[in-house]
Amino acid sequence: MRLRELASTIRSKNAGVDLITFDILFPSEEAYRRACRSPVLTPEALCRLLGIGPDSLYCFVHFDPARAIKFTVRRRRPAGSPGETDVFGTQQYGPLLDLEVEPAGAPPAAMSEVAPPAPAAAAPAAVRPLGCGARAGRGGSSHGDGHSGLE
């Protein structure tokens with residue numbers, strides 16, 4: 001079954017200037033648990049899918065109260081900068097739609113989560129809290145090919 005058939009919402013959006021966050025929400029506990037067990041929805045598999053290195057994955061969580069899988073990645077370029085192609089980060093979820101999720105009853109995949117990095121010791125004064133219980137202040141670079149918006 002494709003992820004777009006299993007999930008009720010798949011979206012991406014800005015999470016500040018340097019980050020894009022992805023939300024995958026499920027209509028039932030069964031669908032959520034099935035997705036959590038899938039090897040295509042691990043941090044490692046998502047990095048491969050999006051063509052980013054593990055250092056570009058800011059955080060990855062299974063959020064049980066909302067039956068959601070959430071993850072945040074660093075942008076290649078800050079939102080709105082020259083050459084950046086998706087100012088709001090809303091076009092980045094496309095590769096997730098056709099992911100084949102394991103059939104019901106498949107053995108569980110290794111569960112791993114990526115915690116956001118600890119705040120920098122000398123963070124700039126304008127640092128604001130973001131999702132995932134972390135602080136921003138570092139992130140995307142000003143280089144890259146500018147096609148996907150992801151680092």
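**Figure 1. The hairpin of strands β1 and β2.** In the hairpin of β1 and β2, where 4 residues lie between the strands, Gly-16 adopts a positive phi near 95 degrees. Helices (H or I, at least four residues) and strands (E, at least two) are DSSP runs, numbered from the N terminus. The model is predicted, with local features requiring pLDDT of at least 70 and side-chain atom pairs counting only at pLDDT 80 or more, while totals for chains, interfaces and linings use all residues. Residues are numbered from 1 along each chain as its sequence is written, and side-chain values use heavy atoms, with hydrogens and water left out. Strand β1 (residues 9–14) runs antiparallel to β2 and is joined to β2 by 6 bridges; two strands pair if DSSP finds at least two bridges between them. Asn-14 has Ile-20 of β2 as its bridge partner, and Lys-13 has Thr-21 of β2.

**Figure 2. Strand β2 and its pairing with β4.** Strands β2 and β4 run antiparallel and are joined by 7 bridges. Within this pairing, Ile-69 of β4 is the bridge partner of Ile-24. Of the 7 residues of β2, 6 are buried, so the strand is largely enclosed by the rest of the structure. Here buried means under 20% relative accessible area, exposed over 50%, and partly exposed in between (1.4 Å probe, protein chains only).

**Figure 3. Aromatic pairs.** Across the whole structure, 3 aromatic pairs are found. Rings of Phe, Tyr and Trp (its six-membered ring) pair if their centres lie within 6.5 Å; planes under 30 degrees apart count as stacked, over 60 as edge-to-face and the rest as tilted. The ring centres of Phe-22 and Phe-71 are 4.5 Å apart and the planes are at 5 degrees, so this pair is stacked. Because Phe-22 belongs to β2 (residues 19–25) and Phe-71 to β4 (residues 68–74), the pair ties together parts that are 49 residues apart in sequence. Phe-22 and Phe-71 are both buried. A tilted pair is formed by Phe-26 and Tyr-32, at 6.1 Å centre to centre and 50 degrees between the planes. Phe-26 counts as buried at 3% relative accessibility, as does Tyr-32 at 0%. One aromatic cluster comprises Phe-22, Phe-60 and Phe-71.

**Figure 4. The largest nonpolar core.** A nonpolar core is a set of buried Ala, Val, Leu, Ile, Met, Phe, Trp, Tyr and Cys residues joined through side-chain atoms within 4.5 Å. The largest such core has 25 residues, of which Leu-3, Ile-24, Phe-26, Ile-69, Phe-71 and Leu-96 touch the most other members. Two or more residues are given to this core by each of α1 (3–6), β2, α2 (29–37), α3 (43–50), β3 (57–63) and β4. The most come from α2, which gives 4 residues. Leaving aside neighbours within four places in sequence, Leu-96 is in contact (heavy atoms within 4.5 Å) with Leu-3, Ile-10, Phe-22, Ile-24, Leu-46, Leu-49 and Phe-71.

**Figure 5. Helix α3.** The buried residues of α3 are Pro-43, Ala-45, Leu-46, Cys-47 and Leu-50. These buried residues pack against β2, β3 and β4. After α3 comes Gly-51, with a positive phi near 70 degrees.

Figure 6. The whole structure contains 9 salt bridges, each a side-chain nitrogen of Lys or Arg within 4 Å of a carboxyl oxygen of Asp or Glu. Glu-29 and Arg-33 form a salt bridge whose closest N and O atoms are 2.9 Å apart. Because Glu-29 and Arg-33 are 4 residues apart in helix α2, about one helical turn separates them. Arg-33 also forms a salt bridge with Asp-64, the closest N and O atoms being 3.7 Å apart. Asp-64 lies in the loop between β3 and β4 and Arg-33 in helix α2, so this pair ties together parts that are 31 residues apart in sequence. Relative accessibility is 36% for Glu-29, which counts as partly exposed; Arg-33, at 33%, is partly exposed, and Asp-64 counts as partly exposed at 37%.

Figure 7. Asp-98 and Arg-2 meet through their side chains in a salt bridge (3.7 Å, N to O). Asp-98 is in the segment after β4 and Arg-2 in the segment before α1, 96 residues apart. Asp-98 counts as partly exposed at 43% relative accessibility, and Arg-2 is partly exposed with a relative accessible area of 31%. A network of salt bridges links Arg-2, Arg-4, Asp-98 and Glu-100.
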